[in-house]
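Let's take a walk through this one together.

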Amino acid sequence: MADLTTNFLGITSPNPFWLASAPPTDKEYNVRRAFEAGWGGVVWKTLGMEGPPVVNVSGPRYGAIWGADRRLLGLNNIELITDRPLQTNLDEMTRVKKDYPDRALIASIMVPCEEQAWKDILPRVMETGCDGIELNFGCPHGMAERGMGSAVGQVPEYIQMVTEWCKKYYDKPVIVKLTPNITDVRYPARAANAGGADAVSLINTINSITSVDLDMMAPQPTIGGKGTHGGYCGPAVKPIAMNMVAEIARDPETRGLPISAIGGITTWRDAAEFMALGAGNVQVCTAAMTYGFKIVQEMISGLSQWMDEKGYESTADFIGMAAPNVTDWQYLDLNYVTKAKIDEDACIKCGRCYAACEDTSHQAIAMSEDRVFTVKDDECVACNLCVNVCPVEDCITMVELQPGDTDERTGRVLDGEYANWTTHPNNPSSTAAE
């Protein structure tokens with residue numbers, strides 16, 4: 001049976017599923033329930049320095065995006081870091097770590113961008129016995145206006161500087177949590193690496209407004225007639241997070257830097273996809289907030305069963321396997337040609353594929369008088385829009401043409417002439433174009 005035990009930065013946990021720093025990890029009661037449910041680790045909700053108290057709003061804190069079946073696709077969160085006293089959190093962390101020595105416990109921290117502030121808090125965090133720290137350089141609301149969170153994470157020089165301070169005053173693993181609210185995530189990752197970070201975690205939440213109350217004419221959630229931007233998370237952000245993880249995993253300057261992946265992870269498959277792209281473990285938040293802590297049991301059993309089917313004995317066997325296959329467009333094989341095929345026995349004759357192709361694509365699907373749909377190979381460009389809009393799984397598939405076959409649309413015999421963009425006639429600099 002597959003062994004899900006994970007060693008991340010020398011921190012051993014019984015599985016790769018950690019809870020991310022967020023409302024579910026704000027207090028001892030929650031974390032104990034999480035560990036009893038089976039979570040492999042927890043990143044404690046972000047700690048701040050002592051001083052003026054952090055005060056959260058007492059009105060709604062979440063906006064939401066739902067699918068047609070009211071399945072939660074995304075949350076907009078305007079909650080700040082922990083509003084509980086620092087010492088209270090530290091005392092609770094100490095007790096939890098003592099009682100669950102086999103689980104990973106990471107302290108998320110956010111204090112002003114001043115060396116003394118980090119020098120003051122790190123020894124106190126060390127006393128809890130936690131396994132490492134995560135620097136919150138990602139929070140896009142509330143704290144960013146105070147010069148912390150994403151305000152730091154958007155400036156690579158600050159990331160490197162603060163990381164160096166933490167490595168100077170703290171001798172356990174330092175994880176840098178990156179903001180997605182930046183043009184190119186490779187630059188902050190490189191800065192974290194240059195500062196000596198042991199790992200990066202990403203993504204933090206995306207700056208967003210999810211909806212507007214058209215009666216009050218204010219963003220939701222609405223607090224006394226006003227609203228604000230918040231941090232967007234949940235299944236809807238997964239594609240963005242996966243791309244950013246892959247960019248760091250394949251960047252020559254950060255290749256090999258351990259990654260803890262965050263962003264819309266709801267099932268074991270989500271986790272496996274992130275890990276195949278190079279993540280050593282995953283952090284979950286919205287799924288737990290939606291379905292409760294016991295969802296981890298489905299993740300554990302699903303991942304274990306899949307690994308058994310594939311013959312993987314440990315997560316290390318497949319971590320990063322997909323990363324080498326992430327490439328730039330110019331290196332794609334232009335000899336690879338497919339055509340859509342419709343299974344008439346499975347077709348329910350809804351016509352969705354026809355409408356999508358006829359109105360918005362390449363007019364490559366024909367409809368007979370009795371609503372039989374067929375693909376016109378001489379018009380099909382293999383965009384696969386029809387596959388994606390079809391409500392019946394596997395009713396429409398993409399079939400690969402083989403070497404020697406003729407692409408009826410272009411009349412070209414597939415013979416390996418155009419291996420990639422560098423030899424394609426559409427490329428102005430290629431010899432074929434000349």
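Why does S304 count as buried? Keep in mind that this is a predicted model, so what follows is computed from its atoms. S304 has 5% relative accessibility, and the cut-off for buried is under 20%, so S304 counts as buried.

To find S304 in the viewer, go to helix α10, which covers residues 295-310. Then look at who sits against S304: leaving out residues up to four places away in sequence, S304 touches M1, A2 and L4.

Next, move over to helix α7, residues 238-250. α7 has 13 residues and spans 18 Å from its first C-alpha to its last, close to the 18 Å expected at 1.5 Å a residue. Its buried residues are K238, A241, M242, M244, V245, A246, E247, I248 and A249. As for what covers the buried residues of α7, look for helices α6 (186-194) and α8 (268-276), plus strands β10 (199-202) and β15 (259-262), among the elements involved.

Now for the gaps. Rolling a probe the size of a water molecule over the atoms shows where empty space is left. Here the count comes to 4 cavities of 30 Å³ or more.

The largest cavity has a volume of about 420 Å³. It is lined by 34 residues, with S21, A22, K177, N204 and T205 lying nearest its centre. Two or more lining residues come from each of β4 (41-47), β6 (72-77), β14 (230-233), β16 (281-284) and α9 (286-291). Of these, α9 provides the largest share, 3 residues. By type, the lining of the largest cavity divides into 18 nonpolar, 13 polar and 3 charged residues.

The second largest cavity comes in at about 120 Å³. Of the 16 residues lining it, C357, A364, C380, C383 and C386 are the closest to its centre. Helices α11 (352-360) and α12 (385-389) each supply at least two lining residues, and α11 gives the most, with 3. What kinds of residue line the second largest cavity? They divide into 13 nonpolar and 3 polar, with no charged residues.

Technical notes: Residues are numbered from 1 along each chain as its sequence is written. This is a predicted model: local features need pLDDT of at least 70, side-chain atom pairs count only at pLDDT 80 or more; totals for chains, interfaces and linings use all residues. Side-chain values use heavy atoms; hydrogens and water are left out. Helices (H or I, at least four residues) and strands (E, at least two) are DSSP runs, numbered from the N terminus. The expected span of a helix is 1.5 Å times one less than its number of residues. Buried means under 20% relative accessible area, exposed over 50%, partly exposed in between (1.4 Å probe, protein chains only). Contact means heavy atoms within 4.5 Å. On a 1 Å grid over the protein atoms alone, a cavity is a set of points where a 1.4 Å probe fits but cannot get out, and a pocket is an open set with protein on both sides within 12 Å along at least five of seven lines; lining residues have an atom within 4 Å of a point. Grid points are joined across faces, edges and corners, and a volume is the space filled by probe spheres set on the points. Ala, Val, Leu, Ile, Met, Phe, Trp, Tyr, Cys and Pro count as nonpolar, Asp, Glu, Lys and Arg as charged, and the others, Gly among them, as polar.
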